[in-house]
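Please take a moment to look at the model on the screen before we go through its helix packing together.

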Amino acid sequence: MRKSMPKHGINLLWSGRQISLYISWAMIGYVTYFCSDFLGLNTAIVGTLILVSKVVDAISNFVIAYIVDNTHSKFGKGRPWDINIIPLWISLVIIFCIPASWGTKAGGIIPCCNQQLFFRVV
């Protein structure tokens, strides 16, 4: 006896995380433009912030992989962690919510760095 195929809504639900990731990575491409033109930060500083956030992301991937590998649920190893897409959306919005007045001061670097790190680690 053949099992019935899942409905399209279920397929859309499970692919929603991947769609969200594609949109967020497309938006993160504008971070350099936002930080350099809108906030007025030096592009070398922005590039260094992105480099540091990618290094932290590479290290955190090992921790996340260990956690996912040790997850045992009826939905599988990775499915319970799909709810983490919500903090990713929040961090994407927060990246673009830095006031322009912070960019002219040296204090604008710290929020940019924190937001980049939060986005990469989430």
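This is a predicted model: local features need pLDDT of at least 70, side-chain atom pairs count only at pLDDT 80 or more; totals for chains, interfaces and linings use all residues.

The axes of α3 and α6 cross at roughly 30° and come within 9 Å of each other. Because the angle is under 35 degrees, α3 counts as roughly parallel to α6. Their crossing is right-handed. On the α3 side, the contact is made by Ile 45, Leu 49, Ile 50, Val 52, Ser 53, Lys 54, Val 56, Asp 57 and Ser 60. On the α6 side, the residues are Ile 109, Cys 112, Cys 113, Gln 116, Leu 117, Arg 120 and Val 121. By type, the residues of this contact comprise 10 nonpolar, three polar and three charged.

Among the contacts with a separation of 6 or more, 73% are between residues 24 or more positions apart.

Helix α4, residues 85-95, packs with helix α6, residues 109-121, at an angle of about 160°, and their axes are 9 Å apart. That angle makes α4 roughly antiparallel to α6. In this case α4 passes α6 in a left-handed crossing. From α4, the contact is made by Pro 87, Leu 88, Ser 91, Leu 92, Ile 94 and Ile 95. From α6, Gln 115, Gln 116, Phe 118 and Phe 119 take part. Seven of the residues in the contact of α4 with α6 are nonpolar and three are polar, with no charged residue.

Which residues is Phe 119 in contact with, leaving aside its neighbours within four places in sequence? They are Ser 24, Trp 25, Ile 28, Leu 88, Ser 91, Leu 92 and Ile 95.

In soluble globular proteins, nonpolar side chains tend to be buried together. Here the largest nonpolar core has 17 residues, and those touching the most other members are Cys 35, Leu 39, Leu 41, Cys 112 and Phe 119. Two or more residues are given to this core by each of α1 (8-28), α2 (31-38), α3 (43-69), α4 and α6. Which element gives the most to this core? The answer is α4, with four residues. For the chain as a whole, buried residues make up 26% of the 122 residues.

The next pair is α2 and α3. These helices pack at an angle of about 145°, with axes 9 Å apart, and α2 passes α3 in a right-handed crossing. Thr 32, Cys 35 and Ser 36 of α2 make the contact with Thr 43, Val 46 and Ile 50 of α3. The residues here divide into three nonpolar and three polar, with no charged residue.

Lys 77 lies in the loop between α3 and α4. Is Lys 77 buried, partly exposed or exposed? Its relative accessible area is 42%, and Lys 77 is therefore partly exposed. Beyond its neighbours within four places in sequence, Lys 77 is in contact with Val 68, Asp 69 and Thr 71. Lys 77 and Ile 67 are 10 residues apart in sequence, and their C-alpha atoms are 9.3 Å apart in space.

Conventions. Residues are numbered from 1 along each chain as its sequence is written. Side-chain values use heavy atoms; hydrogens and water are left out. Axes are lines fitted to C-alpha atoms, for helices over the stretch in contact, and angles run from 0 to 180 degrees between N-to-C directions. Angles under 35 degrees count as roughly parallel, over 145 as roughly antiparallel, 65 to 115 as roughly perpendicular and the rest as oblique. A crossing is left-handed if the near helix is turned anticlockwise from the far one by less than a right angle, and right-handed if clockwise. Contact means heavy atoms within 4.5 Å. Ala, Val, Leu, Ile, Met, Phe, Trp, Tyr, Cys and Pro count as nonpolar, Asp, Glu, Lys and Arg as charged, and the others, Gly among them, as polar. A nonpolar core is a set of buried Ala, Val, Leu, Ile, Met, Phe, Trp, Tyr and Cys residues joined through side-chain atoms within 4.5 Å. Buried means under 20% relative accessible area, exposed over 50%, partly exposed in between (1.4 Å probe, protein chains only).
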